Amino acid sequence: MIPKYWHVIKIGIQNNVTYRFNFLARALFGLIPLVAMLHLWRTIYADKDPGATVGTYTLAQMISYYLLTTVVDALTAVNEDDWQIAADIRDGQISQFLLKPIDYLTYRLCLFGAGRVSYLSVAAIPLTLFILSLNRYFVLPADWATLGWFLVSVCLTALLQFFISYALAMLAFWVLEVSTFIFIVFAFEYIASGHLFPLDILPTGLQQVLALTPFPYQLYFPISIYMGKITGPALLQGLLIQACWVFVAYGVARWAWSRGIRRYGAVGG
Amino acid sequence: MNTSAQQEPGTVPIPPVPHSRQPVLKRYLGIYGALWKNSVTREMTFKANFLLWIIVELLWFGMQLSFIGVVYLHTDQIGTWTRWEVVFLIGASHFIQQVFQAFFLVNCTHLSDLVRLGKLDFLLLLPVNSRFIVSVRQVDLGAFVNAASAVGVMGYAAWQLNLVPTLGQVLGFLVLCFAGIVVHYSLMFLLASISFWTVKAQGIVFGYYNLFQIARMPDEAFGRGLFRAFFTFAVPMLLVSNVPVRLVVSKLSDPWPPLLLLAMSVACLVVSEWGWRVSLRRYTSASS
């Protein structure tokens with residue numbers, strides 16, 4: 001059971017090595033808007049009194065927040081998995097998985113993991129150097145337990161990201177072109193998960209609305225654990241909600257697959 | 001595979017058309033008209049998709065605006081840029097980007113496919129300038145709708161600023177926007193030409209989206225450091241939309257920024273033409 005998926009991971013990593021130049025380009029290009037964002041906030045803080053805060057954030061905390069979004073993103077973001085899954089369905093490639101004793105979702109999950117490992121192996125160097133260059137602004141977690149809970153939450157985030165993408169890609173059973181849907185959801189994810197700014201600088205009403213969606217658990221939540229903004233019972237409660245969202249996304253992904261496969265026609269397969 | 005283009009890279013001459021002695025410009029306008037018709041037909045085949053892409057762009061545009069909305073909840077200005085000036089800037093940046101997208105973006109991103117699949121052969125063999133046909137083959141009509149939404153946002157911001165620009169300012173704005181589009185096109189085309197070296201250049205092409213993000217930020221956010229110098233004099237992203245907006249909202253203290261933008265647009269065009277010619281010389285077609 002396990003060895004065959006282990007092979008999938010190994011093959012996935014080998015395939016990805018071919019694109020290491022692409023990964024490096026992506027990591028380096030990705031630093032440009034990050035640097036721009038840091039400059040923007042530094043300019044804003046420069047106009048305020050020394051030690052002033054935005055929301056509850058000092059300048060160092062704000063910069064750390066954006067650096068952490070990049071770290072969590074590198075660890076959990078879905079790269080091209082959703083496109084590939086949709087393409088597999090559209091081109092009839094999934095037919096072979098219906099015949100083999102391989103579960104397609106597990107197979108894709110292994111490839112997703114392989115993709116993250118390969119990406120990190122390339123992106124870790126520029127990213128670490130960048131964070132070290134800003135180390136006087138980078139806050140460390142309060143203690144080891146915080147770091148541990150952060151990592152647990154990051155794992156859940158990765159699963160949530162993957163299952164949502166997988167469920168979205170299932171749309172390919174019904175429509176020819178899924179990229180628009182993926183981009184629409186991505187737009188909401190981008191702003192509501194905290195990519196553009198920490199969510200707790202928003203007006204309280206909006207924050208409460210966002211808390212009802214899975215989006216904050218795709219990025220903001222693990223970072224707020226790291227930064228010590230969520231502790232104690234709230235931390236456990238948050239992790240529980242995050243786990244629930246993972247479970248829901250998993251359920252939707254499985255359900256969409258079983259519905260989709262019923263109307264699957266293996267075009268050109 | 002031996003194409004005529006390999007002997008004369010980049011400069012496939014326009015042979016005299018035997019049957020009619022049309023002037024060059026008229027002939028190219030004719031070709032471009034046919035390409036437009038082709039694009040309209042293509043878009044209308046997938047109407048729902050056409051509309052969905054417009055929604056996608058509107059959403060992302062709205063997201064950038066809401067980011068600025070949130071930032072200005074916590075500050076009154078970025079450098080000397082006030083809230084509605086920045087909204088105007090984002091509108092202008094979106095306008096420039098969308099017009100660029102309407103005419104060039106798809107074609108630039110397709111270049112790597114053309115190279116990888118060897119389809120470039122057919123375009124090189126056509127009796128027109130190769131760069132022309134590669135650059136303008138498809139028109140993205142939805143982008144015009146989005147450019148219009150950007151004009152709407154600029155108009156609203158101008159109203160909030162009580163801005164009544166002179167005719168000269170409007171004309172200058174349009175000329176500078178044009179220069180900005182030339183910059184975007186040249187740089188993107190240059191990046192796309194890298195696909196002659198590495199087969200999967202799409203990552204690099206999409207990397208350009210990251211540069212768009214800088215173009216819509218107020219230049220004063222970047223202080224006077226290396227970052228600002230690089231994105232002004234090497235990759236002039238901080239000129240593309242900041243300079244036209246500064247002209248309209250009367251934030252220019254001297255005439256140098258507009259002149260610099262015009263000069264940089266010419267420089268980018270020249271460099272990208274050089275890059276294209278060097279790249280074409282490496283083209284060996286695929287699968288044969």
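Entry 1, a glutamine in chain A. I started at Q242(A), which I found in helix α11 (residues 232-262) of chain A. For helices I take DSSP runs of H or I with at least four residues, for strands runs of E with at least two, numbered from the N terminus.

Before going on, some bookkeeping: this is a predicted model, so local features need pLDDT of at least 70 and side-chain atom pairs count only at pLDDT 80 or more, while totals for chains, interfaces and linings use all residues. Residues are numbered from 1 along each chain as its sequence is written, chains are lettered from A and ligands numbered from 1 in the order written, and side-chain values use heavy atoms, with hydrogens and water left out.

Is Q242(A) buried or exposed? It is buried, with a relative accessible area of 0%. My cut-offs are under 20% for buried, over 50% for exposed and partly exposed in between, with a 1.4 Å probe and protein chains only. Which side chain does the side chain of Q242(A) make a polar contact with? That of T157(A), at 2.9 Å. A polar contact here is a pair of N or O atoms within 3.5 Å; within protein, one must be able to donate a hydrogen and the other to accept it, and residues adjacent in sequence count only if both atoms are side-chain atoms. Leaving out residues up to four places away in sequence, Q242(A) also touches S153(A), L156(A), Y217(A), F221(A) and P222(A), among others; touching, or contact, means heavy atoms within 4.5 Å.

E57(B) sits in helix α3 of chain B. I get 16% relative accessibility, so E57(B) counts as buried. Beyond residues up to four places away in sequence, E57(B) touches H94(B), Q98(B), Q101(B) and N146(B). I also checked E57(B) against V243(B): they are 186 residues apart in sequence and 24 Å apart in space, C-alpha to C-alpha.

N162(B) has a positive phi of about 55 degrees although it is not a glycine. I located N162(B) in the loop between α7 (142-160) and α8 of chain B, and it is exposed at 68% relative accessible area. S250(B), another residue other than glycine, has a positive phi near 55 degrees. S250(B) lies in the loop between α12 (242-248) and α13 (256-282) of chain B and counts as exposed at 55%.

I count 13 helices and zero strands in chain B. Buried residues make up 53% of its 288 residues. Of the contacts in chain B with a separation of 6 or more, 81% are between residues 24 or more positions apart.

The contact takes 33 residues from chain B and 38 residues from chain A.
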